Amino acid sequence: MKGKNRKKSRRWPIPVLVIALLIAAFLIYTGRYYRAGDVARSMLESDETVLVTRTDYGWLFDGPSEGDALIFYPGAKVEETAYAPLLHAVAEAGMDACLVKMPFRLAIFGVNGADRVMAAHDYDRWYIGGHSLGGAMAASYASGHASRLAGVVLLAAYSQKPLDDRLSAITIYGSEDGILNRKRLAEGARNLPEGHREYVIQGGNHAQFGDYGRQRGDGEAAIPAEEQQRRTAELILEAASTDAGASN
């Protein structure tokens, strides 16, 4: 109308709105995650056997080992420090452990995190592994870097890509795991090196590889988390010991 200034409403283009909504949804999704429990937080403290250090890539659990180290990728939407009890046990048993903090707590965005770890330390033999999605992404990294690694450790996980026969491989999961897809686990076994080993921890479930509480859809564990983690550490070290003996 004459003599009146009409304010024009600002309208965002539809593609911009869609992108903004997708980003918001992603941030909400990743902002809801499983947090480390009290036991895990206590295992971030050094003791007389294992020196625990915060690093640029995450955490180092430095035990008696001078030659072997495990690079570990956490499960999806799990606070990385939830795996401190397991990795503390691995380091204490004789293999240093490097825990990688993932972008948005999703290893799919940090597949090459192992590069930063290996640039920071000097070990004779490197192993790489992880839990659930973290294990799958660790295997993905191993598929393209076999010459830099000695073996792969898959906890409730499987490899989606073929792994070089130069690598050793060990798969560990709990008998009560309600999340691991057994069909895909069997299919993924075809991608593992000849001579790979598979172990089932009786009474264990999916979440008890870490300390982050009960995971939706998981089975009820019949053993304590400490026992599942202790047994897992023993199996990892036994496999590494076998590898070392075979290479000598």
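Me: In this predicted model, which helix holds Ile 23?
Reply: The model is predicted. The helix in which Ile 23 lies covers residues 14-31. That helix is α1.

Me: Is Ile 23 buried, partly exposed or exposed?
Reply: Buried means under 20% relative accessible area and exposed means over 50%, with partly exposed in between. Ile 23 has 47% relative accessibility, so Ile 23 counts as partly exposed.

Me: How do the rings of Phe 104 and Phe 109 pair: stacked, tilted or edge-to-face?
Reply: A pair of aromatic rings is described by the distance of the centres and the angle of the planes. For Phe 104 and Phe 109 the centres are 5.8 Å apart and the planes are at 70°. Planes over 60 degrees apart count as edge-to-face. The pair of Phe 104 and Phe 109 is therefore edge-to-face.

Me: Which side chain forms an aromatic pair with Tyr 123?
Reply: The pair is edge-to-face, with 5.1 Å centre to centre and 75° between the planes.

Me: Why do the buried residues of α4 lie on the same side of the helix?
Reply: The buried residues of α4 (residues 113-120) are Gly 113, Ala 114, Val 117 and Met 118. They lie on the same side of α4 because the arc they cover around the axis is only 130°.

Me: How far apart in sequence are the parts tied together by Arg 125 and Asp 68?
Reply: Arg 125 and Asp 68 form a salt bridge, with the closest N and O atoms 2.9 Å apart. Both ends are buried: Arg 125 has 19% relative accessibility and Asp 68 has a relative accessible area of 16%. Arg 125 lies in strand β5 and Asp 68 in strand β3, so the parts tied together are 57 residues apart.

Me: Which residues are linked with Arg 231 in a network of salt bridges?
Reply: Arg 231 forms a salt bridge with Glu 234 at 3.3 Å between the closest N and O atoms, and these two residues lie about one turn apart in helix α7. A salt bridge of Arg 231 with Glu 238 has its closest N and O atoms 3.8 Å apart. The residues linked with Arg 231 in the network are Arg 230, Glu 234 and Glu 238.

Technical notes. Residues numbered from 1 in each chain as written. Predicted model: local features only at pLDDT ≥ 70, side-chain atom pairs only at ≥ 80, totals over all residues. Heavy atoms only, no water. Helix = DSSP H or I, 4+ residues; strand = E, 2+ residues; numbered from the N terminus. Buried < 20%, exposed > 50% of the residue type's maximum accessible area, 1.4 Å probe, protein only. Arc of directions from axis to C-beta. Phe/Tyr/Trp six-rings, centres within 6.5 Å; stacked < 30°, edge-to-face > 60°. Salt bridge = Lys/Arg side-chain N within 4 Å of Asp/Glu carboxyl O.
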